[in-house]
Amino acid sequence: MFQLKFILFFINTFLFKIDENPFLIILGTTQDAGYPQIACQKDCCKKFKNKKVPRQKVVSLALFDPATDQKWIFEATPDLPEQLQETDKYMEGNLSGIFLTHAHIGHYTGLMYLGREAMNAREVPVYAMPAMQNFLQNNGPWNQLINLKNISLQKLKADSTIWLTKNISVTPLLVPHRDEFSETVGYSISLNNKKLLFIPDIDKWQHWEKNIRQMVKNYNYLFLDATFYNEKELPGRNMAEIPHPLVTESMELFKDLSAADRSKISFIHFNHTNPLIDTASKEYREVKSNGFKVAAENTKILF
């Protein structure tokens, strides 16, 4: 009897500790306009019409800390209502904050649902860099959210770490991108001494002052920009105008890393033309065979 009680105590304690650990959920994986994309008549979106590929939401991550009963979202996408409902499956209650990367439509326009026409939220903390804050403060309808106290802007500074809890910290990292309205950042997230890198949008890796190959070695998880698979995806379009790292380029850059390091990388932020959206595609199989991951909605990552 004593042994049984001890075993039950050990199991309950162990499970409790797991339940108390932070975890992350992928809420969306696609580029700003989602999948299928509006007015698209190409074969890529016909796969949705023919029910071969499901609808996929715009790129977003949710971070949960059961120990403090808090949750945060990275990106306020046009799919925010559905994504916020998804977070309630894991932890009900108010958002502890939203982290924005930049002012392109898929990354901040979901803030509109916090306004009085919809949620009529009360002072949801929105973490943003200086130019991003300035954009929100000086343009409607976003400044109405501030004036009505639907959101509360929280200042960020590049390479400056903020602590959300005693075990969770977030550091914004400036990255090169098309900065028409704001600067662009990725996020370095530290949880229980593990590190996650989230860079949904960036220009070519060689344009960044940081060494992404070395960063792979220093992180446990990396979610990296994979907007386009290769240069043939948009015939007739000047790809120099949208210089994301191609998946083929990234795989070449990382190919001589160890298998363990390559397995840390999850490609994310897929344009509707990107064949990685289709798990039955040969490109999807190629990425997996090379030891990389392809981000998928509702994936849970424990820390």
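This is a predicted model: local features need pLDDT of at least 70, side-chain atom pairs count only at pLDDT 80 or more; totals for chains, interfaces and linings use all residues.
Trainee: Why is Phe-74 called buried?
Mentor: Buried means under 20% relative accessible area, exposed means over 50%, and partly exposed lies in between, with a 1.4 Å probe and protein chains only. Phe-74 has a relative accessible area of 0%, so Phe-74 is buried. Phe-99 is also at 0% and is buried.

Trainee: What makes Phe-74 and Phe-99 a stacked pair?
Mentor: Rings of Phe, Tyr and Trp (its six-membered ring) pair if their centres lie within 6.5 Å; planes under 30 degrees apart count as stacked, over 60 as edge-to-face and the rest as tilted. For Phe-74 and Phe-99 the centres are 4.8 Å apart and the planes make 10°, so the pair is stacked.

Trainee: Where in the chain do Phe-74 and Phe-99 lie?
Mentor: Phe-74 is in strand E3 (residues 70-74) and Phe-99 in strand E4 (residues 97-99), so the pair links distant parts of the chain, 25 residues apart. Helices (H or I, at least four residues) and strands (E, at least two) are DSSP runs, numbered from the N terminus.

Trainee: Why are Phe-99 and Tyr-127 called stacked?
Mentor: Their ring centres are 4.2 Å apart and their planes are at 5°, so this pair is stacked. Phe-99 lies in strand E4 and Tyr-127 in strand E5, so the pair ties together parts 28 residues apart in sequence. Tyr-127, at 12% relative accessibility, counts as buried.

Trainee: Which residues form the aromatic cluster?
Mentor: Phe-74, Phe-99, Tyr-127, Tyr-187 and Phe-198 form one aromatic cluster. A search of the whole structure finds 15 aromatic pairs.

Trainee: How do you know that the charged end of Lys-195 sits over the ring of Tyr-219?
Mentor: A charge sits over a ring if NZ of Lys or CZ of Arg is within 6 Å of the ring centre and within 35 degrees of the ring normal. The charged end of Lys-195 is 4.4 Å from the centre of the Tyr-219 ring and sits over that ring. The charged end of Lys-300 sits over the ring of Phe-23, 4.4 Å from its centre.

Trainee: What makes E2 and E3 a pair of strands?
Mentor: Two strands pair if DSSP finds at least two bridges between them. E2 and E3 have five bridges, in the antiparallel sense, so they pair. The bridge partner of Leu-63 is Trp-72 in E3.

Trainee: Which strands make up the open sheet, and why are E6 and E14 at its edges?
Mentor: The open sheet has seven strands in the order E6-E5-E4-E3-E2-E1-E14, with mixed pairing. E6 and strand E14 (300-302) each have a single partner strand, so one side of each is left without a neighbour in the sheet.

Trainee: Why are the buried residues of H3 said to be on the same side?
Mentor: In helix H3 (residues 80-88), Leu-80, Gln-83, Leu-84, Glu-86 and Thr-87 are buried. They cover an arc of only 150° around the axis, which puts them on the same side of H3. The arc is that of the directions from the helix axis to the C-beta atoms.

Trainee: What covers the buried residues of H3?
Mentor: The cover includes strand E1 (23-28), strand E2 (60-65) and E3, where contact means heavy atoms within 4.5 Å.

Trainee: Which residues of H5 are buried, and why are they on the same side?
Mentor: In helix H5 (residues 130-137), Met-132, Gln-133, Phe-135 and Leu-136 are buried. Their arc around the axis is only 160°, which puts them on the same side of H5. They pack against helix H4 (105-108), strand E5 (124-128), helix H6 (142-147) and strand E6 (151-155).

Trainee: Why does Glu-283 count as buried?
Mentor: Glu-283 is at 16% relative accessibility, so Glu-283 counts as buried. This residue is found in helix H10 (residues 282-289). Glu-283 touches Tyr-229, Pro-275 and Leu-276, not counting residues up to four places away in sequence.

Technical notes
Residues are numbered from 1 along each chain as its sequence is written. Side-chain values use heavy atoms; hydrogens and water are left out.
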